[in-house]
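Hi,

Here is the model I promised to pass on to you. Have a look at it first, and then read my notes on its pockets and its ligand below.

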Amino acid sequence: MNAPYDTPLDEVRSQIARGCKASRRKPDDITLIAVSKTQPPERIEPLLDQGVRVFGENRVQEAQDKWPALRERYPDVKLHGIGQLQSNKADDAVAMFDCIHALDRSSLVKALAKAMDKAGRRVPCFVQVNIGSEDQKGGCAIEALPDLLGSARDADIPIAGLMCLPPAGIEAAPFFALLAKLAHDNGLSGLSMGMSGDYETAIMLGATHIRVGTALFGARD
Ligand SMILES: *Cc1c(COP(=O)(O)O)cnc(C)c1O
């Protein structure tokens, strides 16, 4: 841990403040999502004690195993589903998550809309964009974005904004800038982008939601 900071959370908060200052933004406008995937409850509790209330999980099953007990003690927790979602998990995802970051195809629009109708609860979704046009990555193709947004709106799914995971190993800034442009062109203000290695850059390029795991919890196993 770096000397001037008491906790990793302090360090992350000060880096958020730095990115905000440089881009004339307000820290209150940035939602820090603490990515707690693979972390056991005893690693999550210290962050809850420090006031963090927004967490990200990438697997529905793992969230179901860990969070009901924690939520009993911290009922104001918000859980964000950040991982690829199978259509057959839509009901569980709608029940468990307050926001879903991985809406990336029309079959999932249909499954989520049906699940939301059944549950009587509309869960805001970020549309994930395959921003680096990588074959192996999830996310909708850039060319397919307007159609997907249209079908999500037709299905009455609240759109929170756009989300991306830029290609690994190269500078992320151009991809963040492209996602911001796509959001702007489509009249969307939410931008879920930036992880432990690049969230300050993402904030300077307009991120409203940053997904930070390693910088808060240390390396995952
Ligand atoms: C794991 C994960 C993160 C967090 O990554 P870190 O580098 O540990 O901060 C963010 N977003 C998604 C989609 C993830 O799966």
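A word on terms first: on a 1 Å grid over the protein atoms alone, a pocket is an open set of points where a 1.4 Å probe fits, with protein on both sides within 12 Å along at least five of seven lines, and its lining residues have an atom within 4 Å of a point. This is a predicted model, in which local features need pLDDT of at least 70 and side-chain atom pairs count only at pLDDT 80 or more, while totals for chains, interfaces and linings use all residues. Residues are numbered from 1 along each chain as its sequence is written, and side-chain values use heavy atoms, with hydrogens and water left out.

Let me begin with the second largest pocket. Its lining is made up of Arg13, Ile16, Pro27, Ile30, Thr31, Leu32, Gly51, Val52, Arg53 and Val54. By class, that is 6 nonpolar, 2 polar and 2 charged residues, with Gly counted as polar. Helix 1 (8-22) and strand 1 (31-35) each contribute at least two of the lining residues; both are DSSP runs, with helices being H or I of at least four residues and strands E of at least two. The space in this pocket is about 210 Å³, a volume filled by probe spheres set on the grid points.

Now for the largest pocket, which holds about 290 Å³ of space. It has 19 lining residues, and Lys37, Ile82, Leu165, Met195 and Arg211 are the closest to its centre. The lining divides into 6 nonpolar, 9 polar and 4 charged residues.

What takes up the space of the largest pocket? The ligand does, where sitting in a pocket means that more than half of its atoms lie within 2 Å of the grid points. Around the ligand, the shell has 5 nonpolar, 3 polar and 3 charged residues.

- Ser196: a side-chain N or O atom is 2.5 Å from a ligand oxygen.
- Lys37: a polar side-chain atom lies 2.7 Å from a ligand oxygen.
- Gly213: a backbone N or O atom is 2.8 Å from a ligand oxygen.

Enjoy exploring!

Conventions:
A polar contact is a pair of N or O atoms within 3.5 Å; within protein, one must be able to donate a hydrogen and the other to accept it, and residues adjacent in sequence count only if both atoms are side-chain atoms.
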